[in-house]
Every structure is written in C-alpha cells, then in structure tokens.
Amino acid sequence: MDELFDRLFPICRSITGPGLRESLEILGEYLPLEHFGQPTGSPVFDWQIPKEWRIRDAWVKGPDGSKIIDFKDSNLHVLNYSVPIDRRMSLDELKKHLFTIPHMPEAIPYVTSYYKERWGFCLPHRLMEQLEEGTYHAYIDSDHVDGELNFAHSILPGESDREILISTYICHPSMANNELSGPVTAAFLYRRLASWPRRRFTYRFVFVPETIGSITYLHRFGAKLKESLYSGLVLTCLGGLEHPLSYKTSRRGSSPVDQVVEHLFRFQSLQGNIRSFTPINGSDERQYCSPGFNLPVGQMSRMVYNCYPGYHNSCDTKEVMTIEALQQSVDELESVLKALELNGFYVNQRPFGEVKLDKHDLYPDLNFPLNGIYSSNNVADNRMQLDRILMLLNYCDGCYSLLEIAEKCNCSLTDLEPIINMLIDKQLLKGPFLEPRNEMMT
Amino acid sequence: MDELFDRLFPICRSITGPGLRESLEILGEYLPLEHFGQPTGSPVFDWQIPKEWRIRDAWVKGPDGSKIIDFKDSNLHVLNYSVPIDRRMSLDELKKHLFTIPHMPEAIPYVTSYYKERWGFCLPHRLMEQLEEGTYHAYIDSDHVDGELNFAHSILPGESDREILISTYICHPSMANNELSGPVTAAFLYRRLASWPRRRFTYRFVFVPETIGSITYLHRFGAKLKESLYSGLVLTCLGGLEHPLSYKTSRRGSSPVDQVVEHLFRFQSLQGNIRSFTPINGSDERQYCSPGFNLPVGQMSRMVYNCYPGYHNSCDTKEVMTIEALQQSVDELESVLKALELNGFYVNQRPFGEVKLDKHDLYPDLNFPLNGIYSSNNVADNRMQLDRILMLLNYCDGCYSLLEIAEKCNCSLTDLEPIINMLIDKQLLKGPFLEPRNEMMT
Amino acid sequence: MDELFDRLFPICRSITGPGLRESLEILGEYLPLEHFGQPTGSPVFDWQIPKEWRIRDAWVKGPDGSKIIDFKDSNLHVLNYSVPIDRRMSLDELKKHLFTIPHMPEAIPYVTSYYKERWGFCLPHRLMEQLEEGTYHAYIDSDHVDGELNFAHSILPGESDREILISTYICHPSMANNELSGPVTAAFLYRRLASWPRRRFTYRFVFVPETIGSITYLHRFGAKLKESLYSGLVLTCLGGLEHPLSYKTSRRGSSPVDQVVEHLFRFQSLQGNIRSFTPINGSDERQYCSPGFNLPVGQMSRMVYNCYPGYHNSCDTKEVMTIEALQQSVDELESVLKALELNGFYVNQRPFGEVKLDKHDLYPDLNFPLNGIYSSNNVADNRMQLDRILMLLNYCDGCYSLLEIAEKCNCSLTDLEPIINMLIDKQLLKGPFLEPRNEMMT
C-alpha cells in the first residue's frame, strides 16, 4: 500500500489528461483493469466530455525575478484546469487570480474551474500577505486539447451474476485522504476478495474521475447495473485511524448494504455511524442514486470530507491519513462484504414439527434441569448455541432474512455463521437465497 | 362581508321554508348559484324530506295582557319547527313548554324539534324566574306545509375535472359564528378563487341546510362526487379572531387535504391544530364521511362548536364572531387551497446523473469553499436555494409528492414554490401530476 | 374437576403406554373422545414413534434389605422410560443412576430419557446424603414393547367449518400444574362451550403426549388444520390462583387469538400478560408453529413452567395448583373464546349518510343541550351508548374489525356486545364476517 500510495501521490491528476491516465496505469499493476475512454465532446446525459487538460509548468516570478510560486513544488499551486498565461502585471491585477484560505494561513487550497475558462494560482495566505508592490510575471504552460476521459474497471466473478459495485474516484492532485485513500483501499480490497475460496456475488471495481466520470460510467454501463446490481459502495476518505467508519445510506434507505451496515454497527460487529442519503453533498453515490438510476449504492467513509481541516488543501497528507487506517478500512470493508455474502434467505429442510435434535447430535440426550452434569452424549450443554439452533430452524422459512433472524436472536448475523454452516453440513438448511422463497408458507 | 352578514342575520331560517329560500337568494347576489329543491316527503337514504315550516308570529302574554315573550324581538324565542298554538293556561302548564339555560341566565337558547310535533318558547332563565302565577296566553302562528328542501351550489371550473368541495350549511336563525360565518366565508372565498389566473382543480361550493341538506345533496350528487372528488372541506364556526384554525380530518385520515393542512400547521405556514375524525359530533363531514361515501372531506373551523359560551344561544353575535376573523379565514383557506394546487408529483426531465447546474445558470462556476467572494457568474451563492434545487431534482421522480420532499427539506411546501416554478421554466421539471408516475423507477 | 383430578393424579403416565391409555379413557367419561393410535416405529416427520414403556414395579433396597426407594410411594422415583435392572452394586455405582435436586433437598425430580436407554432413580437430595456405604439392590421391572402412541380428540361443531383448536398434553406422571391443569381445564371448557346456545366456530379439542404427540397429530391432521384453522390455543400450567393469565403469542404474532387476547388484557377485560413467541421453550405451540405449519396457535398459561419451584418435581401438587384456579381458567378462556366469536367484520346496512337514529328509537327526539331533562321518547340520554352507536354505524364498513372499532372507542370489544346485538336486531348491521368485505368502499 505504501508503495502504491507513494507512486500515485506526486502525479498532477485532473478529471482528464495524462495524470489521470498514468494513475490508472499504475493501479493496473495492482489489479487487472480494463481501460475505457470517452472522447472529448461526447454528450453524457446532461453533460459533455470536456477537453483534456495538459499542464507542463507554472510559476509566478516576483519583482526581483525569483520564483515565488512554483508548480514543481506542489501541483496544488495551479488552479486546476487553468488556461495558459504568460504575462507581467501589477500585484493588484495578480491578486485577482490568487486563492488562499485566510483562516489556514499555511495551507495551499485546492481550487478547480473545469467548465469556465480561468487561470489562477493557489498559495498559503501568509505568503500572499508578504508580497510587495511591483511587477509580477505569471506563467502557465498548459493547453486544452481534444482527447478523452479515462476510466477503468475490474470484474471479479462469483457464483452468481448478481453484482456488488465498489466504486471510487481518481481525479484530484496531491491529496491523501480525499483522493488516494479510495483507490488504494479499493485495489487492496480487490486482492483480499480475489483470495476468498468462494464468492457468492460478482464484484465490480470501478475507478473514475468524480462526478463526470461516474456519469460517463453510468452512460455506458448504467443499464447493465440496473439489471444486475445487488448492492454497492462508493469509497472515499477512508483514512484517519482514530475515526470510526461513517456510512451514508443509498437513496432507497433500505437496500441490502444499508441494512447490513446498519445492523453491523448496531450490534457492534463494527464501529461506525450512519448518515442518511442526501443529494446535497457527497461523492459518486449522488450519480448512482440519481432518480433515473436509483441504484442500491451507499458510500463508506471514515474521516469524512468537509469534516477535517485538511479537506481540499495541502494539509491532506499521508501523515494525516495513515496507511494503517487504509489497512483497517480494507479489513472492515471485507467484514461488510462477508456479511452481505452470508445474509439472505435460508430454508429449513425439515420444516414440519421440530427437528429431532439429538438424532442430529444437536441436543443432550437426557431431559433434566441440571443437564450439564449428567448428559452423556457429545453435545455440550451450550444453552446459547442450542437457543440459536432452535431460532434458526424455526425462522429459516425462506421468508425471514438471516439479518432479521439475527435481530430476533439479539446478535449480529456474523455471530450466526458457525451455526449456519453446521446446519447446512447436516443438510438441515439450504441457502442463502437472494430472494424470499414462499413455497412453504401458507 | 359586513353587508352580506347584516342582510342575512335577521332572517328566521330553519332546515326548510321561506327563511332558507330568502337566504339562498341573497347569497346568489354574491356568487352565481344554481338552486335546487327536493319535495316534501321524498325519501333520501334513511331520511325523508319534512314539511316546510312557516312561522309568522309568536308571543306569550302575561296575566296582565302584556307580551312577555315576542318572536319579533328575537327569532330564537320560538322553538324551531313549533306547531301552532293559541291557548290560555296556567304558569305550571306553560313552563312545560319553556326552555332556558340556568347557568347562562341572560341567554335565549336555540332549541329545535324537527321530527316530533311540539310547541315551545325559549327565553332567558332570569326572565322565567320572574314569572308570577296567573293565566298566560301562548300564541304561535305557524304551519307545516308540503313544499321542498332548498339548497344551492356553484361550480368554478379549473384545468382538471377533479374537484375540490367547499360545503357549508345555512339553516339556523339569528346566530353568527355557528351559522353565518360559514356561508359568508364561503361566498368570499369563491370570489377570491374566481380571481386566480389559473385553477388546477374545479371547485364546487355547496350551501345546504345541515345534516338533512347534505344527505339530500349526496342523494343527488354523491355518485358524481365519488367519481370526481379530489378533496374537500366543510366550513363551520370560522369566527373568533383570537382562535387559530382548527381542522378535523376526514374519516380516511390521510386524504390530500388532511396531509396538506397537517403539513402547513406543522411547518407553521399556518397556525392551527388538528382534531381527528369522529362521527360523534361535528357538521356535514359526518355525512360526506359516512361509510357508503367515505369522501376525502375534512372540516375547517376556528371557534369550534361546543367550545364557546355562545354556542346555540343568543350570545352568538357578530361582535363575538367579528368580520375580521372571517377575512382572516378567507386568507388562510386560500393558502390551504394554494398548497393543494401546488402539491402533487413532479418529474425531473434529466433524471440520469445530476443535472449540470451551471449550464442552466443554477450553480456558481468556480468550485472553492469561499465561493461567495470569488464566483463570477450570475448565481448568488445562496446555499439554501442550491440545496433545495438539488433535493428537488433528486427526489422529483414521480413517486415522492412535493409535500414529502418539502418534509425532507425541513420546510413547508409553499417555501418551495419559487424553486419549483424556476425549474419548470428551465424545463427541468414537469408537473404537478395528481397521481404518482412510476415509469422512471426500477 | 376435583374428582377427575383425583382419578388421574396417581397414574404413571409417559409418552406411550398403559398409563397414557388409561388416562385418555378416564377423560372420555367427561367429554366424547375419538381415540387414535400410531404404531411403534412409524416415522412422523423427523421423528419415529418409540416403543411403549411398561412399568410394573421399581425399588432400591439398602444394605440391610429394607426398601429405601419405592416406585409405589411415588411414580416420580423411577427415571421415566427406564430399562429393567435387577442387580446388587456398591453405593458408588448406584449413585451414577441417582438424580436429585441439591437446592431442593426434599423434592423428587422428574427426569426422562425417552430416546437413549438408561435406568435410574430420582429421590430427595437429603435422602441420598444419608445413604451409607454397602451393597444396594436396584430393581426395575419394566419393558419396552411394540405398541402405539395414543391420542384423542373431540370435535364440537359450530355454524362455520372454520375451527378453533384447543390442544393440551397428557404424558407426565404425578404432577398437578404441569400435567393435569391442562387436560382438566380443557375437559371442563369443552362442557362449557357445549352448553352455549350457538357457536360460530367449530371447536377441536386435542389431547396428546407433549412434542411427539402433537407432531404425530400434525402428521395426521396437519393438512386439515392448515385448511380450516382460524386460531387456536395450547393449554398448559393453568393452575396458581394468584397468578394472572400469561399468553404466549403465535409465531405469526398477529393471528386472531393474538389480537383478541392482547386487546382483552390491554382493556383489562382480563388480567394477564403477554409473552412473545419463541421456539426455544414452551409446549406444543412449538410444533403447531413450526415453519412448515405456522398455524395461528398461541399458548395460554397461568403459573408458567420454569417459573415456580415445583416445576418438574414432586412439589407440583394439587395444593399448589388448586382446583379453584382451574375453574377461573375455564371462565377466562370462555371469555377469550366469546370475544373471538364476537369479533369480525360488520356491515352497516344504511351506509349512505347517517342513520336517522330517532326513527329507530336510538336517539332523543329533541335537540337541546340539556336533553336529559326534557326528552320525551323512550331513549335514555345515555351519551356513552349514543357515542358507541355512532362509532359502530360509521366504522362498520366491512373493512374495520370490531376489535379495531373498539379500540377507536377506547373500550374492550366485549363492551360493545349489547350495542352490536341491538343494531343487528334493528337490521342496521349485518355480521360478523370472518373476512373483510370491501364491496361498499371506494
């Protein structure tokens, strides 16, 4: 992870252009990626693919001819998508093109102007305050050319065609939590899932520039997603070890991943909190959950955008994010996906009357209040296990989901995994099925 | 309003007869009315139209020959629907036919006996206590004749055939809040609605004697109402300026007008409180909401029947009611109807991915946390407006009503009116539709 | 009841065998029973009918040759379903076959080993502690033979083929609350119901050995029950006069009997508390509510199993249970069944507009606030009765159940019985119907 992060961090990415392409190529060394490009000018729903932005150099020289701002020091210094400039001007004129954050005087802000032609520089407020009157030379060597918008995905097949989407964005320059935490976590989550002995679902990992990229992805694959998507997650801002997970529900509010994450948080299988869906802010779930698609996709985060000082400025560093936090995010996302795989509808194969538990070695063979002392068969007098067996056999009717049964047992569905496996081994249960099966019920 | 009130007040109305007819004729000078009559003796569901009651004079003379009670002083003095009498009798016998309110010694009660033959006089308790032994002469010059039960309505057409019913009663003698507040408010509400540049619904204004009149109206127009009624209101007791509105829900409890009024009260677009439907007391909503019709009709009131001292007696005066209160009632009822017109289901015309807001001049063209200072296009950095635009575009899917979306925005639906209009102008929204439209949703 | 109890108490019952047969024969003298037998070895779902257990004598003689434990003193002394033994042994060896309750040193526990071959004796802990070293002689004269599992039922016909099930078990030796309270209450409840002038439902009374017996009953009659059962109750532990009723809901949680019992408890027509369904413990409702049947059957109890000191030991006596408690249980169960008979969907026969109450002698004929004094017709000014008449006529639309209407009236449905009967007599209502009737509603 460290290595992948360090290779991606210095690249000047934007929503199009060489930085984006190079980043996707590097990611492709960590998981098998299929690459796509959408040509400049093509319409994608209400949007249009912009020209590619290519930036080679940018600086401002002061009255004494020395470089006081240099793109080579930090790619945040240049207004993202700046048009070229090469002109001398007064400090007053220059200042119309300078962006700072007065309340964070050391930070370089991250500013973009994708859809209106502008040029500009971003710098620490303290530096701007030190500038003296005189003639300044602003230089940006950039151009906007016809090209394409790049994105990539990787399909990890499973037993079913029903898919789980993992989508993350890659389009910001040198920022850690709000840019690289998503794709780095996604790449290593892919590797984790690829190592599972079996996968019930097919997993679709998507890497796109934010907003325009996910809109473009939906333009190309939206119909397929509508047909096959079971649930999904947008990954963003997954750094910050001291922060618990933070989950934003899908627009539906009760899609499978919404239910499972809320359940795992409630029964403290995972630490985390829930945010309700809103179209007002967020990441690409806003596109997946636009009304024409309304896909069952939530968003998982940790140190949430807007809620930490480094958001959209140069303080968003690897030290603040930490690689350890990404490792924990991979572990916790794997838990969520395992729970999604485990959940579903199970069917008791001996549904008429109770199962004769002792016959299946599931019950002490002596009926006496002080069983633990006297029972001679091999079944430990484990009352909690016995209670869960009885609950599962009674409620696994194809109508209650495992999650609902777990809640009746007052435990997390992952707590039921060993008993589910034991009952499947003994051919007393079948499942999980994705949809309820009503055949048994009156 | 003052003039209409003063012309109607002195008339001795009952559920049939010349007083009712004269009152409807006067109302017909203020709004165009179509008049109807149902002949005496006709069956209307479980009821039968009674004979018309005609009253010319009524008095009681004391032992000294002077009139101690005189119908000409107040038409409340005579038991409504009294049979004729012309007989001398002792005080004891007379007292069997006198009605008073002991705890309100100055008030003349309002008493009726429509369906059993009786004669009687109503008077202040203090006056009755002063009566001395002797021979009294009771005289009532009335008769009951075959005639008809009169009622009237006015249809104010709109763009749709779906109707909103405004129903009020006219059948009590000289009382203000519990008689004239309804028809006077209804007449002026009609004029207000007639001045609107467009009406989405057709409005049906109905003036009937209470109970038997609305039953007769339903006998004649009930099938039509079942077919075309969208929602409706019974108006009664709309005086009392210091009283907020008081709304009694329809039997359904969640008909459009129930939802809208409850919403406007909750978000304090209007001051008011809610009463749940009950068939135990009330006005003509009891008939509209009888189980065979179960129409979506609530009842709007202010100084509610039974809850003020003047209810059904001579203290129910113009001074207690006030014309100002009726004016406020017209204003507030207009707000309710405007909200009903605005509500419905809207559909985003660019539902796939987010709308590109800047393209439609709905978004600042620079993405920077301190936008307000730097943005150069004409869109004010009005965060609340932007949030509402995003909420409307996301949730206007034809399935959420505007009322539901407003509640997600934590505002009244009337607060959304300017944004709805702007988005319709920009062809981003279509609507409102009366019914959900599912075509877009998976 | 006393007599029936005293005849049944001494018999050594088990899940099969002569004691069970004799007990069913005796019950057959109190209500007409149809007897059934399922042969040893037949499979019943996941179970198999065991051999019959026949026990003739059992004792332990001490080193001095005297009987220190004797089956003739209490049939609890022998481990139920013991294999035969006739052997001398040391105290240490004997102790492996002795069962006591250390914390209840005077009680003989009730222990069974139906499905694994064992022999053993149960005795007071104090007695076991007094045993001295030496040679003991253990003797059990029992055998296990091919025979049958016996059970019985009685069908009490009603106007409808829809059935209510009353099921209770008979399979324990000499215990009162946890054995005989059920069948004795059921037998006398049958006689109570047989004396009703009319029964809306058909009643099915079932007497089975617990668990294996109800599974066998379902194997034979389950399809019939799935088709015709409206609701049902398992009766168990109905003694303990100081204990209120305790109801365990059916698995469905909202079957008719669940709703009615919860309602009667809530409106204090009966004292009692509710337990939610669980498959973890309980009685034969676990079989009736197994997922393949999921029948609408709850369980009624009073001094609940597991919650009193005498549970499954010799302290479960007639004195603790009391015959008075069983009489009260019969009364209270009759109330529940009467409420089930009364509940249902009623339909107003004059649903258009209000019913003209005075025409049907349901209303004072004078409209005046002080009616009680003045009204001359025969209708008492009983405001509560009038309110309930209005509520019933409005809400009896075939869609609201009587129970729901009672809750709107804030009273128990049994409080509405006289008014329901009066309105049926006046041909204003029809019903009750078991299913909602929608024809009237828009």
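Reply: Let us begin with C:Glu106, which counts as exposed because its relative accessible area is 51%; exposed means over 50%, buried under 20%, and partly exposed in between, with a 1.4 Å probe and the protein chains only. This is a predicted model, in which local features need pLDDT of at least 70 and side-chain atom pairs count only at pLDDT 80 or more, while totals for chains, interfaces and linings use all residues, and side-chain values use heavy atoms, leaving out hydrogens and water. Residues are numbered from 1 along each chain as its sequence is written, chains are lettered from A, and ligands are numbered from 1, in the order in which they are written.

C:Glu106 has a partner, C:Arg126, with which it forms a salt bridge whose closest N and O atoms are 2.5 Å apart; the term stands for a side-chain nitrogen of Lys or Arg within 4 Å of a carboxyl oxygen of Asp or Glu. C:Arg126 sits in helix 4 (residues 125-130) of chain C and C:Glu106 in the loop between strand 7 (98-99) and strand 8 (121-122), so the pair ties together parts that are 20 residues apart in sequence. Helices (H or I, at least four residues) and strands (E, at least two) are DSSP runs, numbered from the N terminus. C:Arg126, with a relative accessible area of 40%, is partly exposed.

Over all chains the rule counts 81 salt bridges, and another pair lies within chain B, where B:Lys72 and B:Asp57 bring their closest N and O atoms to 3.0 Å. B:Lys72 belongs to the loop between strand 5 (67-70) and strand 6 (85-90), and B:Asp57 to strand 4 (residues 52-61), so this bridge ties together parts that are 15 residues apart in sequence. Here B:Lys72 is exposed at 57% relative accessibility, whereas B:Asp57, at 14%, is buried.

Salt bridges also cross between chains. C:Asp46 pairs with A:Lys359 at 2.9 Å between the closest N and O atoms, and C:Asp46 is buried, at 5% relative accessibility. Between chain C and chain B there are 4 salt bridges, including that of C:Arg350 with B:Asp46, where the closest N and O atoms are 2.7 Å apart.

How many residues does each of chain C and chain B bring to their contact? Chain C supplies 30 and chain B 32, where contact means heavy atoms within 4.5 Å. The area buried between them is about 2800 Å², 54% of it from carbon and sulfur atoms; buried area is the accessible area (1.4 Å probe) that two parts lose on being put together, summed over both. On the side of chain C, the residues that lose the most area to chain B are C:Phe352, C:Glu354 and C:Lys356, together 24% of what that side buries.

Finally, the two chains can be laid over each other, for a rotation of 120° with 0.1 Å of shift along its axis superposes chain C on chain B, with an RMSD of 0.1 Å.

Terms used:
Least-squares fit on C-alpha atoms with pLDDT ≥ 70 in both.
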